[in-house]
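Please open the structure in your viewer and keep the selection tool at hand. This tour moves from one selection to the next and says what is there at each stop.

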Amino acid sequence: MRRLSTIAEVRSELVEPRRAGRSIGLVPTMGALHEGHLSLMRRARLDCEVVVVSLFVNPTQFNDSADLSAYPRDPERDAWLAAEIGVDYLFAPAPEEIYPPGFATTVSLAGVTETLEGAHRGRAHFDGVSTVVTKLFNIVAPDVAYFGQKDAQQALVIRRLVRDLDMPVTIEVCPTVREGDGLALSSRNAHLSPADRARAAGLHRALAAVQEAVDGGERDPDAARARALTELQAAQIEPDYLELVSAETLSPVRRIDGDVLALIAARLGDTRLIDNELIRTPTHDRGVATRLGAPTTA
Ligand code: AMP
């Protein structure tokens, strides 16, 4: 694996593979790699001839400077893990490489950015994500880019961005990797105290409660949401939000039917966690209730 830190290096390394028609996959990350990130890299390795991983803690998407400075960083371990998977290039630029003096452009989407994380973290969060992802796509020019369902709203934002700006890249969204008790892996989990780590499993139990309610015939989003809130109360978790929305538009649903996303965000101690599940509505013609799968364990 080659470690690169400048845009010029990335461009020159990729000239030959591109000329030879080799497929290029990109996995954007902020580092502190865990099995969730590694699952995206393995998928990219299977699909593509050249795999590029970017490692950049993007300052512009943090709405809280304390969160940015506390963000876990371990670039040597990250490089070792990526190399083990067979990644070809690890691109880890300094902030000035991405945002040189005089940088003045922001890529900003309306609509899907305005609710949920956008409402809670502020407009700058998704502006920061969209701008850095646009830059990474321009630097690497991948054929395919891999994102996690864990950040469901982010994945929708990127799909919209690529469609709206006619970017020639395929977006693949990969399943959320979870701990044995259902907690979605996140770099931020490292900050949880043992007590908060135990409580954090309540987030996934709440999402599972929505699916169980739906499997039991519930179609009223408020009633399904109430079941999830009961789980959260049991874990003493006060959510920032717990919403049932259309998986396509993120607007609230009046009835649970078709593809509905249940999304949750909550603060445990100083750590803010997010999670989601695609809620499946059992259909009579299939004759079987579709249930949440067993957690994919790390
Ligand atoms: P981050 O480093 O948090 O920006 O995440 C980099 C990529 O990994 C994003 O596309 C995330 O959605 C994805 N990711 C983070 N956690 C998980 C997880 N538990 N399972 C699958 N993908 C994940």
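The stops below begin at the ligand, pass along the salt bridges, and end with a helix and some single residues.

**Before you select anything**

This is a predicted model, in which local features need pLDDT of at least 70 and side-chain atom pairs count only at pLDDT 80 or more, while totals for chains, interfaces and linings use all residues. Residues are numbered from 1 along each chain as its sequence is written, and side-chain values use heavy atoms, with hydrogens and water left out.

**Stop 1: the ligand and its shell**

Helices (H or I, at least four residues) and strands (E, at least two) are DSSP runs, numbered from the N terminus.

Now look for polar contacts, which are pairs of N or O atoms within 3.5 Å; within protein, one atom must be able to donate a hydrogen and the other to accept it, and residues adjacent in sequence count only if both atoms are side-chain atoms. At Met-30, a backbone N or O atom lies 2.9 Å from an oxygen atom of the ligand, and at His-37 a polar side-chain atom lies 2.8 Å from an oxygen atom of the ligand. At Val-177, a backbone N or O atom lies 2.9 Å from a nitrogen atom of the ligand. On its own the ligand has 480 Å² of accessible area, of which the protein covers 93%; such areas come from the Shrake-Rupley method with a 1.4 Å probe, and for residues only the protein chains shown count as cover.

**Stop 2: salt bridges**

The structure holds 16 salt bridges, each being a side-chain nitrogen of Lys or Arg within 4 Å of a carboxyl oxygen of Asp or Glu. Select Glu-172 and Arg-43, whose side chains meet in a salt bridge at 3.4 Å, N to O. This pair links distant parts of the chain, since Glu-172 is in strand E6 (residues 170-174) and Arg-43 in helix H2, 129 residues apart.

Next select Arg-178 and Asp-275, which form a salt bridge whose closest N and O atoms are 2.8 Å apart. Because Arg-178 lies in the loop between E6 and H9 and Asp-275 in strand E9 (residues 271-279), the pair ties together parts that are 97 residues apart in sequence. Are these two partners buried or exposed? Arg-178 is buried, with a relative accessible area of 4%, and Asp-275 is buried, also at 4%; buried means under 20% relative accessible area, exposed over 50%, and partly exposed in between (1.4 Å probe, protein chains only).

**Stop 3: the two sides of helix H4**

Select helix H4 (residues 75-85), in which Asp-78, Ala-79, Leu-81, Ala-82 and Ile-85 are buried. They cover an arc of only 165 degrees around the axis, which means that they are on the same side of H4; the arc is that of the directions from the helix axis to the C-beta atoms. An α-helix has 3.6 residues a turn, so residues three or four places apart point the same way. Turn to the face of H4 away from its buried side, and you will find the exposed residues Glu-76, Trp-80 and Glu-84.

**Stop 4: single residues**

Select Thr-29 in strand E2, a residue that counts as buried at 8% relative accessibility. Its side chain reaches the backbone nitrogen of Gly-31 at 3.1 Å.

Continue to Ala-32, in the loop between E2 and H2, where phi is near 50 degrees, a positive value in a residue other than glycine. At 13% relative accessibility, Ala-32 counts as buried.

Finish at Asp-166, in the loop between helix H8 (152-164) and E6. Asp-166 has a positive phi of about 55 degrees although it is not a glycine, and at 65% relative accessibility it counts as exposed.
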